[in-house]
Amino acid sequence: MGTDCLFCRIVAGEIPATIVRETATTLAFRDIDPKAPVHVLVIPKEHYADVATLAQGDPALAGEVLATAAAVAEDEGLLGDGFRLMFNTGAYGGQEVFHVHAHVLGGAPLGPMLARNLA
């Protein structure tokens with residue numbers, strides 16, 4: 001991917017991030033605008049635009065992203081009370097950075113999954 005992808009630039013070390021876990025194929029770092037007491041993003045180091053593209057293109061890597069997310073949840077002490085794992089995909093899904101990323105959210109009750117905001 002070119003230098004215009006924020007998360008590719010984080011992987012390359014060009015943009016700083018607070019990294020909480022790294023494997024050969026994944027990177028987990030704290031969200032700069034957290035929506036919960038714990039808000040960590042988990043990405044594959046290889047660029048895929050969204051979770052559907054990742055799942056179709058490299059199912060094993062998709063599994064590694066999930067395994068890293070589970071390890072982050074454990075490291076952050078979220079397994080007992082629970083956590084939310086969320087992928088936003090496309091404009092309707094609220095995706096803002098088009099490099100697939102999982103949000104690991106927890107540390108407090110998170111409320112309903114979606115706000116009822118249907119037109």
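Start with the surface of the whole chain. It exposes about 7,100 Å² (Shrake-Rupley method, 1.4 Å probe). Carbon and sulfur atoms supply 56% of that area.

A word on what is loaded: this is a predicted model, where local features need pLDDT of at least 70, side-chain atom pairs count only at pLDDT 80 or more, and totals for chains, interfaces and linings use all residues. Residues are numbered from 1 along each chain as its sequence is written, and side-chain values use heavy atoms, with hydrogens and water left out.

**Whole chain**

Switch to a cartoon view. You will find four helices and five strands; these are DSSP runs, helices being H or I with at least four residues and strands E with at least two, numbered from the N terminus. Follow the sequence and the order reads α-β-β-β-α-α-β-α-β. The radius of gyration, taken over C-alpha atoms, is 14 Å. The globule rule (2.2 Å times the number of residues to the power 0.38) also gives 14 Å for 119 residues, so the chain is as compact as a globular protein of that length.

Now show C-alpha atoms only. They fill a box of roughly 40 × 35 × 25 Å along the principal axes. Of the 119 residues, 34% count as buried (under 20% relative accessible area, with exposed over 50% and partly exposed in between; 1.4 Å probe, protein chains only).

**The largest pocket**

Select Lys35, His39, Met86, Asn88 and His103. Of the 32 lining residues, these are the closest to the centre of the largest pocket. Its volume is about 960 Å³. Next, colour α1 (6-11), β2 (26-30), β3 (38-44), β4 (83-87), α4 (90-93) and β5 (102-106). Each supplies at least two residues of the lining.

On a 1 Å grid over the protein atoms alone, a pocket is an open set of points where a 1.4 Å probe fits, with protein on both sides within 12 Å along at least five of seven lines; lining residues have an atom within 4 Å of a point. Grid points are joined across faces, edges and corners, and the volume is the space filled by probe spheres set on them.

**Two single residues**

Pick Leu6, in helix α1. Leu6 is partly exposed, at 37% relative accessibility. Leaving out residues up to four places away in sequence, Leu6 touches Ile15 and Val97 (heavy atoms within 4.5 Å).

Finish at Asp33, in the loop between β2 and β3. Asp33 is partly exposed too, at 46%. Draw a C-alpha line from Asp33 to Ala67: it spans 24 Å.
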